[in-house]
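I'm opening my notebook on this one. I'll jot down each thing I look up as I go.

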Amino acid sequence: MMTTWKNVRSDRQLLLRFGVAAIGLAVALLAYTQFLTRIEQRQGVAFLDPLRVLFAPVDLTWVTFSMVYGAVLGAGIVLLREPLALLWAMQAYTMHALLRMMMMWALPLDPPITMIPLIDPVVSAVTSGGAPLTRDLFYSGHVGTLVVLSMVAPQRWARRTMATLTALVGIAVILQHVHYTVDVLVAPFVATIAARITRTSA
């Protein structure tokens with residue numbers, strides 16, 4: 001039997017879990033925005049990406065954000081219909097954000113010199129007053145977010161759609177030289193870990 005919002009409202013334990021998840025997500029997002037601002041001030045290392053040198057960068061900013069925010073909006077509509085899936089999504093994204101901060105701190109990178117900045121209209125406005133973020137590299141947050149959504153989506157068609165968009169966004173950020181190839185390749189593995197760790201509690 002599918003859990004409905006009526007079931008949630010009548011279950012104090014489930015309401016408590018939603019409350020804890022919401023607070024945890026809010027705290028993680030606040031820390032995340034502060035961290036992204038600080039990471040821009042830190043010098044990192046750069047290296048030769050054997051794939052990126054094969055082609056010139058292509059500006060796919062609006063294509064990328066159309067896919068990312070379209071996926072987030074679509075996932076939100078789907079998840080609102082199934083409370084337990086939404087709870088899992090909140091917990092998984094919180095874990096994803098925490099793991100990403102840990103990995104960016106452990107491996108600071110300078111941006112590729114051929115990068116065409118990917119100016120996120122939402123994140124940049126919150127963290128840097130509209131200036132592009134260029135050192136939030138390892139691992140790709142956009143790819144990781146879509147992987148999380150592809151795992152928590154309750155319907156098979158939604159999971160397949162999210163997985164397809166994940167692949168397309170990964171290709172797009174590489175073509176734009178926004179990320180090193182390793183940033184994109186590692187993202188699905190870490191995001192999958194985040195989703196699986198939190199699955200037992202959703």
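Predicted model: local features only at pLDDT ≥ 70, side-chain atom pairs only at ≥ 80, totals over all residues.

At what angle do H3 and H6 pack, and how far apart are their axes? Residues are numbered from 1 along each chain as its sequence is written, and side-chain values use heavy atoms, with hydrogens and water left out.

**Entry: H3 and H6**

I get an angle of about 30° and axes 11 Å apart. Helices here are DSSP runs of H or I with at least four residues, strands are E runs of at least two, and numbering starts at the N terminus. Axes are lines fitted to C-alpha atoms, for helices over the stretch in contact, and angles run from 0 to 180 degrees between N-to-C directions. H3 and H6 are therefore roughly parallel (under 35 degrees is roughly parallel, over 145 roughly antiparallel, 65 to 115 roughly perpendicular, the rest oblique). Their crossing is left-handed, meaning that the near helix is turned anticlockwise from the far one by less than a right angle; clockwise would be right-handed.

I also looked up who touches whom. From H3 come Phe65, Val68, Ala71, Val72, Ala75 and Leu79, and from H6 come His142, Leu146, Leu149 and Val152 (contact means heavy atoms within 4.5 Å).

**Entry: H3 and H7**

Here the axes come within 10 Å and cross at roughly 160°. That makes H3 roughly antiparallel to H7. The crossing of H3 and H7 is left-handed. Among the residues making the contact are Met67 and Val78 of H3 and Trp157 and Leu165 of H7.

**Entry: the core**

Which residues touch the most other members of the largest nonpolar core? They are Phe18, Leu79, Val152 and Val169, out of 45 residues. Such a core is a set of buried Ala, Val, Leu, Ile, Met, Phe, Trp, Tyr and Cys residues joined through side-chain atoms within 4.5 Å. Buried means under 20% relative accessible area, exposed over 50%, and partly exposed in between, with a 1.4 Å probe and protein chains only. H4 gives this core its largest share, eight residues.

I then picked out Val152, which touches Leu79, Ala85, Trp88, Ala89 and Ala92, leaving out residues up to four places away in sequence.

**Entry: buried or exposed?**

Valine 147 sits in helix H6 and counts as buried because its relative accessibility is 7%. Beyond its neighbours within four places in sequence, valine 147 contacts Thr166, Pro188, Ala191 and Thr192. Arginine 196, in helix H8, counts as exposed because its relative accessibility is 60%.

I found a cis peptide bond between phenylalanine 138 and tyrosine 139, with omega about 10°. Tyrosine 139 lies in the loop between H5 and H6. Histidine 177, in the loop between H7 and H8, has phi near 60°, a positive value in a residue other than glycine. At 2% relative accessibility, histidine 177 counts as buried.
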